Amino acid sequence: MVKDKSIAIKKAAQAQSRATPTTPATTVVQPVSTTFHELQSAINTTFKDYFRNLTPRTKLIDLFLLFLVLLGVLQFIYVLLIGNFPFNAFLGGFISCVGQFVLLVSLRLQINDETKEGQVEGEEDSKIFKFISPERSFGDFIFASLILHFIVIHFIN
Amino acid sequence: MSNVNQLTIYGVDIQLIRTLLKIIIFISIAGAAISSRLFSVIRFEAIIHEFDPWFNFRATKYLVTHSYYEFLNWFDDRTWYPLGRVTGGTLYPGLMVTSGAIWHILKNYFKLPVDIRNICVLLAPAFSGLTAIFTYFLTKEMKDSSAGLLAAIFMGIAPGYISRSVAGSYDNEAIAITLLMATFYFWIKSMKIGSVFYATITALCYFYMVSAWGGYVFITNLIPLHVFVLLLMGRYNPKLYTAYTTWYALGTLASMQIPFVGFLPIRSNDHMAALGVFGLLQLVAFGDYVKSKVPNKQFKSFLIVSVVFVFGSGIAALFGLTAMGWIAPWTGRFYSLWDTNYAKIHIPIIASVSEHQPTAWPAFFFDTSMLIWLFPAGIYLCFQDLKDEHVFVIIYSVLCSYFAGVMVRLMLTLTPVICVSGAIALSKLFDVYLNIKDAFHGDNISISKVISKLTVLLSFGFYLFYFVLHCTWVTSNAYSSPSVVLASRNPDGSQNLIDDYREAYYWLRMNTPEDAKVMAWWDYGYQIGGMADRTTLVDNNTWNNTHIATVGKAMASPENVSYEILKKHDVDYVLVIFGGLLGYSGDDINKFLWMVRIAEGIWPDEIKERDFFTDRGEYKMDKDASETMKNSLMYKLCYWRFSELFGGRDGVDRVRNQQIPINAVPELNVVEEAFTSENWIVRIYKVKDLDNVGRDLYDATKFENKKSGKRNRIVKRPKIDLRE
Amino acid sequence: MKILILLLQIIGLSIALSNNQLKSLVQSKSSKLISLTDENFESILQGKRDYHIIALLTSSSPQINCVLCKEIGPELEIIANSWFKDHPNGIEDDFDLYFFKSEFLESRKLFGLFQLNNIPKIFYFPPTNSTANRNYVSEKVEYQFYQGDHKDLMIRWFSELTGYKFNLYIPVDKTKLAIHAILGFTSVFLLKRYKKYVFNVLKSKNTWGTLSLILILLFTTGYMFNQIRGSPYIIEHQDGRREFFLPGQQTQLGIETQIISFVYGILSILLIVLIKRAPTIKTDSINLLLVSIISGLIFVMFSTLLALFGLKGLGFPYRFIRFIKF
């Protein structure tokens, strides 16, 4: 769970601000100066590149992702503070967040793959998801989400 | 093998012919798979086999007669008396639900009111046909459809799988292997094309699998391992991310819907590997994203920092949570796979089951015949073109060979991969040698080429033919006896059926009060529940060690001690299985040592294994038998009046080849013989009530015997001879 | 010491060694588990004894192949050594305690005297005043083996009998530690030195391929069975006859695993040659020769396999070639 969260936090950071990833840097002691410097520039590059490639579609997805992460964190904090009495309800909620999150990321990967190919290179073979059109990936996404939420509702009773 | 250029034969499209042929082949494979599993039905009749299937059958009947919710909340008061068992919450409902659903569909939509028993008997063969088809698809992903067809037919008739899926062996494994293959197929498919849709299907199959068999843990660990190895090989791609995360999120959530599994997937260490890989994959995906944006050197430092951080926190979290008791440590059964001595020391119950013994080499050959040496060749070929899906086959085969070596039972999970890789090897061979085009290259026909091809083809055709013979022989000889009904051969070669079990269970059903409690060793618990419909103390669901040990103690103790236990548990009848007359080796005397061992585990002061051996350390029943042995209830129940059968000579125990002396007839005081089956396999004793006039039962028996003199019951000698 | 014992034997059998003699004997040895042989047992056990004795009757010879003996021996030695660490000069005003170990091959007489049919046995001999001939045979108390931690169980039994308290000092095996340290050090060093090479090996497909194939071959031929059951490698009869195969599906010898994995391995290799190598030969006649030789070999090996499987009984009816007349 903890691991999950740290990933989630990172993702959140990626999506919005660039503040959090500096935390890992504090764990390294010796070659701090160079490593830290490179880290900084790496983050900066990623950050810039991210905004350059942002399309309205991906923006929507990323906002949704951020929302899910926040929701997950909120639930987690709730459990830490108040206790996990209806454990299955918490699990249902939390896992639905995680599940929706990974589904969204998958969708984003698939769609993004398509647009990148269209814009930059245009080679058909180098595409990673060559069997999946954006329409199909969206359909898959809906299908998987429906099943996910059906199970969650069943789980919560 | 017509020319490739020609697209139509007699005006029919070649693709169409191909599909048609494929369908015909499928139908015949399924037919072969099903019919080879019907030996037992033809030889005996359509009954349920063995032990566990009887419980499944009983549960299915309950499901069919009650509603689904009642089934899930079923509290069974007829087993584990006086504890009872929360059956609905402690079983894997997949099997029962499947056959219940088939029954309902047949009844309501096709208006075919089939007996639920027939559905249960024939479920396993029907599913084996499906398994063959899924094996085809799986192998097709590995190589091509010709390998797939070979794998399907191997899977259809390989004895290793037949052993658990003959008609009548209505067990969880019957449908679980089908689901295993389906899950793996969809996993490979989704991993290959990165489709969320297929990953969802994988998760659904996984859910079905979880509902059907405890062996689902195998999938839970194998798929993450596959992903992990791929990551180590530096083969990460977004497709992997899509497939795995979707499967994991949906599959885990779905698996928690099964009451018996509950919150295990987030609590037990068995499932932590999957969670760990899930987390790792998120990181790798993020890293991959960053990598695509920044120069290499910067990425390296980024990598180091995050790896150190994540590993530290992850390991700390795992240890912390385990220490705080949030995550259960590995379960015993799972642990016994790694530390092979673990079970022997800590869980004698698990060690006592014969299917948990290690496997000697003949079993492998017996179950797979020549596939066993095609298997390494297939793995080698997988290494040759090491694609992602081949990595899967390799991991699967190495792991499963280990597991199958440790436990006979897990032969079942090894068989599919043997079939797959054997088929890969063989179809590669056929690819090379069936291609006769180059022999007819140009005008002159190269005779030597033709001969060399023919040699290989004919010899392998012969081996395949032998393979079919082998499988048929094994199936008909080893795996087709229901073990409820035994078969023997008369001297003239005709078959003789020994039906003692059912005779005795039927007697119980008809002649004992409805609420009678029967004590027997746990092996027979399900059968008594299913066939005799009487309450049992212990059964094959070995969840309560102490209770089983109590029964073991009652059997191993002298009469007076046993009587207290019997009375405390309201036992009315005691049932023992005795094969000494017939030479049936699976009887209670041979299992007796396990009873002693299990009882010793709880009461080391009262029961001592050593006391049951003679001074020379032998396990004997004859005149040398130790006093403790002679006084034990089990010994008395088995050999009571045994030597009377032999007309004044010493009785001969045919299982152990030992003489039972006529002058040392055990005396019984606290129980009396109620029923002995035709061939003496089942003996049932009634526990005497406390004496009316308050005498000790010993005195009472003595008094009775004096009064009536020696009771002269004519003991009927069975007609049939020793079972071969 | 030997002369002394001999002398004692000559003087009279009814006199056991005195406590002080034994004490000096023990103090002179590094292992406090003294060996009891046909030569010295009379002098130690016979007659009056003013000390407790615990004797392990065992055998570590491969002929007898006693698994439990091999487990018990070192554990009793640890107990003995710990006892003398606590009491290097014996106990002041009570009976001393000595530990003995008797090896079957060196003391057949002793084993015969106790009429032993199975080993290991642990006997306890209390102090006695009796001087009757062979008094020790009737005075012995036998230890019962149970499952569990043997050291613990034995100590419990000993203290029940003697009334003494036992402490355990499990020695740190220094040589093992040193070897591990050296091994670890050198491997790290080698890893650093030949980093590239090691990584190449680790990355190589062939390494992993060979490894997995060997594992598969071992596992599918009952290697784990040998490990778990501790089956003997080979059975040698008194007359020098050797048995390579045990009949029956549920048993096997260690050598069977080797033979069968060899057969499987050869068959697989032949098949791979047939698939991979043979088609690359372009000359027709050589190709034919190779293919027919390999096909013949496969046939012979497969027949061997079937014959071997037939040896395991079960009434298996199929053979290609009858090697042995049954």
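Strand β2 (residues 51-58) of chain C runs parallel to β3(C), and eight bridges join the two. Strands here are DSSP E runs of at least two residues, helices are H or I runs of at least four, and both are numbered from the N terminus. Two strands pair if DSSP finds at least two bridges between them. This is a predicted model: local features need pLDDT of at least 70, side-chain atom pairs count only at pLDDT 80 or more, and totals for chains, interfaces and linings use all residues. Residues are numbered from 1 along each chain as its sequence is written, while chains are lettered from A and ligands numbered from 1 in the order in which they are written.

**Strands of chain C**

- Strand β1 (residues 33-35) of chain C also runs parallel to β3(C), joined by three bridges.
- C:F99 in β3(C) stands opposite C:I54.
- C:F99 is also the bridge partner of C:L33.
- Strand β3 (residues 96-103) of chain C is mostly covered, with seven of its eight residues buried. Buried means that 20 or more other C-beta atoms, placed from the backbone, lie within 10 Å of the residue's own; 12 or fewer counts as exposed, and in between as partly exposed.

**Interface of chains B and C**

- Contact joins 51 residues of chain B to 51 residues of chain C. Two residues are in contact if their C-beta atoms, placed from the backbone, lie within 7 Å.
- On the chain B side, α19 (361-368), α20 (371-384), α21 (388-406), α22 (411-433) and α23 (447-478) each supply at least two residues.
- The largest share of that side, twelve residues, comes from α23(B).
- By class, the chain B side has 34 nonpolar, twelve polar and five charged residues. Ala, Val, Leu, Ile, Met, Phe, Trp, Tyr, Cys and Pro count as nonpolar, Asp, Glu, Lys and Arg as charged, and the others, Gly among them, as polar.

**Helix packing in chain B**

- α20(B) and α22(B) pack at an angle of about 75 degrees, and their axes are 7 Å apart. Axes are lines fitted to C-alpha atoms, for helices over the stretch in contact, and angles run from 0 to 180 degrees between N-to-C directions.
- The two helices, α20(B) and α22(B), are therefore roughly perpendicular to each other, a label that covers angles of 65 to 115 degrees.
- Residues of α20(B), including B:L371, B:F375 and B:L381, meet residues of α22(B), among them B:I418, B:G422 and B:K428.
- This contact has 13 nonpolar, three polar and one charged residues.

**Sheet of chain B**

- Five strands form an open sheet with mixed pairing, in the order β6-β5-β7-β11-β10 (chain B).
- β6 (535-536) and β10 (671-676) of chain B stand at the edges with a single partner strand each, so one side of each has no neighbour in the sheet.
- Strand β5 (residues 517-519) of chain B runs parallel to β6(B), and two bridges join them.
- B:T536 in β6(B) has B:V518 opposite.
- Helix α24 (residues 500-511) of chain B lies across β5, β10 and β11 (682-687) of chain B, at about 25 degrees to β11(B).

**Chain A**

- Chain A has six helices and zero strands.
- Of its 157 residues, 31% count as buried.
- Among the chain A contacts with a separation of 6 or more, 68% join residues 24 or more positions apart.
- An unreviewed UniProt entry annotates residues 60-81, 87-107 and 137-156 of chain A as "transmembrane region". Such annotations may be inferred rather than shown by experiment; positions use the numbering given here, and feature names are shortened.
- Residues 87-107 of chain A are 100% helix, with the end C-alpha atoms 30 Å apart.
- Residues 137-156 of chain A are also 100% helix, with the end C-alpha atoms 28 Å apart.

Note on methods
Parallel < 35°, antiparallel > 145°, perpendicular 65-115°, else oblique.
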